[in-house]
Amino acid sequence: MTRPSQRREMAETAVARRGISIALACRTFGVSETCYRYSPKLNDENEQIADLLIGLTKARKTWGFGLCFLYLRNVQGHGWNHKRVYRIYREQELNLRIKPRKRIKRDELAAPEAPNQVWSMDFMADRLGNGRAFRLLNVLDDFNREGLGIEVDFSLPAERVVRVLNQIIEWRSKPDVIRVDNGPEYIRAFSSQSRSYPAAAK
């Protein structure tokens, strides 16, 4: 089975040597007139596209193909087909660039000056030998990193969090601040006991 490019060459040969019309040659060899009249773009134009894409991606490190193509089309006025531009974009391996992560600036947490001023609570998770998952609730004093409580179970709902806190407060008294994340157990626990525990999100 002949390829379209080979059929096009045969049609061109028939037109040049036999003097038949382009329409007849295309019908004879099964080639569309669009394919027959197509002329490939010059390599220097592809190099121009590659240079523009490389320059854009260096200047705009967070831009992907979409923004680069829109800039070439709408700002610089180039009418290149997006499939062609994307093919060159991939050939230059610009789609494999590692985009820089945006660093989130967080306010530094004030260090406590005495015990029992600030506690931290956090969950950890692990699995047993049989694959069953379990969780650990850790409560620490931020001043000296003393472990105030460790609760381990397969499930630690908000009620268990409240019970652990109450037990620790009985012998340590209430801290000024308890630092937690935004986990669902903490949200339910502190929303139901908002007057009892001075929570502060990490």
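**Salt bridges and helix packing in a predicted model**

A salt bridge joins the side chains of Arg160 and Asp153, at 2.8 Å from N to O, the term denoting a side-chain nitrogen of Lys or Arg within 4 Å of a carboxyl oxygen of Asp or Glu. The structure is a predicted model, in which local features need pLDDT of at least 70 and side-chain atom pairs count only at pLDDT 80 or more, whereas totals for chains, interfaces and linings use all residues. Residues are numbered from 1 along each chain as its sequence is written, and side-chain values use heavy atoms, with hydrogens and water left out.

Arg160 also forms a salt bridge with Glu151, the closest N and O atoms being 2.6 Å apart, and Glu151, Asp153, Arg160 and Arg163 are linked in a network of such bridges. With a relative accessible area of 16%, Arg160 is buried, whereas Asp153, at 27%, counts as partly exposed (buried means under 20% relative accessible area, exposed over 50%, and partly exposed in between, with a 1.4 Å probe and protein chains only). In total, the structure holds 10 salt bridges.

Another salt bridge, at 3.2 Å from N to O, connects the side chains of Arg8 and Glu12, which both lie in helix α1, 4 residues apart, or about one turn of the helix (helices are DSSP runs of H or I with at least four residues, strands are runs of E with at least two, and both are numbered from the N terminus). Glu12 has 33% relative accessibility and therefore counts as partly exposed.
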